[in-house]
Amino acid sequence: MKIDVVGSMCTWVLDLSTSYIINDEFLFDAPQGSFKTLMNVYDLTKIKYIIVSHFHSDHFMDLHLVLEYIKNHSEIPKIKVIAPKGCRERLLTLFDLIEIGYLREEIDKKFEFIDAENNKIIKFDGYKIKCFKMTHLNLDSYGFLIEKDGVAVGFSGDTAMCNNVRKIISKSKAIFIDSSNVEPNNKHLSVKEVAALSDEFPSCKFYAVHLSPYSIKELKNTSLYHPKQGEVVIV
Ligand SMILES: [Zn+2]
């Protein structure tokens, strides 16, 4: 599996927030400010599927620009959008808020929404995608296990420590994992927690992402690897 790291940081730094393009055809999260890079560095005409892990702005807020791009490229077929319930309605609200009502008539032509639910398995085009409800405040936030051709890669999305973190890792050859914090809380994993998980699951390769200005310093005290913006990871 090929993972283009569009961004690998959190909101509070210059570099882009965490987002990936998988096998050239999957966009995983569309953070605010990412669209300029998505459009100019990557070939969005190849995108067939989108995953939105949750609706925080650093995961969701440029999705309307992706829709607008697709509207302007009629050769791109309808895209499957796997997201927490209510994605369509949130986009419609956003269109009103930022006065782009002309996208209302495009949303059902270009996007087919598939609701993420805990333990739901979605299969299409040789992919098997399993959704895991994560612990991120009390939000409807998901991690995913994406499997194709016998290779399974985990994406934690935003999460604090919970059973589903271990479930994803135990099935993954590699995991892109939230490492935002220095101290644990109910919103994000800490670097120390991720380092301990890496010791617990030595057969899984760990990629520490969603880093903050503080956790990136903490990361230097560990053997965890941080993939940089623009890096290509092959699993
Ligand atoms: Zn979040």
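Helices (H or I, at least four residues) and strands (E, at least two) are DSSP runs, numbered from the N terminus. This is a predicted model, so local features need pLDDT of at least 70 and side-chain atom pairs count only at pLDDT 80 or more, while totals for chains, interfaces and linings use all residues. Residues are numbered from 1 along each chain as its sequence is written.

**The whole chain**

Start zoomed out. The protein has eight helices and 13 strands. Its radius of gyration is 17 Å, close to the 18 Å of the globule rule for 235 residues, so the protein is as compact as a globular protein of that length. (That radius is taken over C-alpha atoms, and the rule is 2.2 Å times the number of residues to the power 0.38.) The C-alpha trace spans about 50 × 35 × 35 Å along its principal axes. Colour by burial and 43% of the 235 residues come up as buried. Among contacts with a separation of 6 or more, 56% are between residues 24 or more positions apart; a contact here means C-beta atoms, placed from the backbone, within 7 Å.

**The seven-stranded sheet**

Now show strands as cartoon. An open sheet of seven strands runs in the order β6-β5-β4-β3-β2-β1-β13, with mixed pairing; strands pair if DSSP finds at least two bridges between them. Its edges are β6 (111-115) and β13 (232-234), each pairing on one side only. Neighbouring strands are turned by 20° against each other on average, direction ignored. Those angles come from lines fitted to C-alpha atoms (for helices, over the stretch in contact) and run from 0 to 180 degrees between N-to-C directions.

Select residues 2-7 next. This is β1, and five of its six residues are buried, so the strand is largely enclosed by the rest of the structure. Three bridges join β1 to β13 in the antiparallel sense, and D4 stands opposite V232 in β13. β1 also runs antiparallel to β2, over four bridges; look for G7, whose bridge partner in β2 is S19.

Move along to β4 (residues 49-51) and β5 (residues 79-83), which pair in the parallel sense over three bridges. Pick I51 and you'll find I82 as its bridge partner in β5.

Most residues other than glycine have a negative phi. N23 is partly exposed because it has 16 C-beta neighbours inside 10 Å.

L137 is another stop of this kind, in the loop between β8 (127-133) and β9 (142-148). Its phi is positive too, near 55°, and L137 counts as partly exposed, with 13 other C-beta atoms within 10 Å.

Then try K109 in helix α5 (residues 107-110). With 11 C-beta neighbours inside 10 Å, K109 is exposed. Draw a C-alpha to C-alpha distance from K109 to I79: 9.2 Å, across 30 residues of sequence.

**Two helices with a buried side**

Select α3 (residues 63-71) and show L63, V66, L67 and I70, the buried residues of the helix. They cover an arc of only 100° around the axis, so they sit on the same side of α3. The arc is that of the directions from the helix axis to the C-beta atoms.

On to α7 (residues 191-200), where V191, V194, L197 and S198 are buried. These cover an arc of only 120°, which puts them on the same side of α7. What covers the buried residues includes α6 (163-171), β11 (174-178), β12 (205-209) and α8 (215-219).

**Last stop: the core**

Which residues touch the most other members of the largest nonpolar core? They are F144, I175 and I177, out of 61 residues. Such a core is a set of buried Ala, Val, Leu, Ile, Met, Phe, Trp, Tyr and Cys residues joined through C-beta atoms within 7 Å. Centre on I175: leaving aside residues up to four places away in sequence, I175 touches G154, S156, I168, I169, C204, F206 and Y207.

Note on methods
Buried ≥ 20, exposed ≤ 12 C-beta atoms within 10 Å, placed from the backbone. Contact = placed C-beta atoms within 7 Å.
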